[in-house]
Amino acid sequence: GLLVHPYLSTVTYLTSVGGPTVGLQRIAPTQSGPVEEILGPVEQGFLSRPLAGKHISFDGRLLHGAPSDADAWKHQQGSPGVRVTF
């Protein structure tokens, strides 16, 4: 089937805890099925650490996510918290 991506993706951080938002300079496929077109090395991307009130936007077609395992700063913050994602 057809996969429709937003023109623009946004993230607004409500807290300063949790893993970062990670974006890859790789455009997601527009058709479901084999994903060979997105395999291979990625040469560019971005990482945005949470900060309450921070807002980012980027091309909605880019592969992105918020891996909780990537929260390398959780032990430095002093208090536990949870990242909320809508």
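Guide: Gladly! This is a predicted model. Among its contacts between residues at least 6 apart in sequence, 80% join residues at least 24 apart. The chain has five strands and zero helices, so along the sequence the pattern reads β-β-β-β-β.

Visitor: What makes Arg61 and Asp59 a salt bridge?

Guide: Their closest N and O atoms are 2.8 Å apart. The cut-off is 4 Å between a side-chain nitrogen of Lys or Arg and a carboxyl oxygen of Asp or Glu, so the pair qualifies. The structure holds one salt bridge.

Visitor: Why is Asp59 called partly exposed?

Guide: Its relative accessibility is 26%. Buried means under 20% and exposed means over 50%, so a value in between counts as partly exposed. Arg61, at 38%, is partly exposed because its value also falls in that range.

Visitor: How many aromatic pairs does a search of the whole structure find?

Guide: The search finds one aromatic pair, formed by Phe46 and Phe58.

Visitor: Why is that pair called tilted?

Guide: The planes of Phe46 and Phe58 make an angle of 50 degrees, and the centres are 5.1 Å apart. Centres within 6.5 Å count as a pair; stacked needs under 30 degrees and edge-to-face over 60, so this pair is tilted. Phe46 lies in strand β3 and Phe58 in strand β4, twelve residues apart.

Visitor: Is Phe58 buried or exposed?

Guide: Phe58 has 9% relative accessibility. The limit for buried is under 20%, so Phe58 counts as buried. Phe46, at 27%, is partly exposed. Of the 86 residues in the chain, 23% are buried.

Definitions and conventions:
Residues are numbered from 1 along each chain as its sequence is written. This is a predicted model: local features need pLDDT of at least 70, side-chain atom pairs count only at pLDDT 80 or more; totals for chains, interfaces and linings use all residues. Side-chain values use heavy atoms; hydrogens and water are left out. Buried means under 20% relative accessible area, exposed over 50%, partly exposed in between (1.4 Å probe, protein chains only). Helices (H or I, at least four residues) and strands (E, at least two) are DSSP runs, numbered from the N terminus. Contact means heavy atoms within 4.5 Å. Rings of Phe, Tyr and Trp (its six-membered ring) pair if their centres lie within 6.5 Å; planes under 30 degrees apart count as stacked, over 60 as edge-to-face and the rest as tilted.
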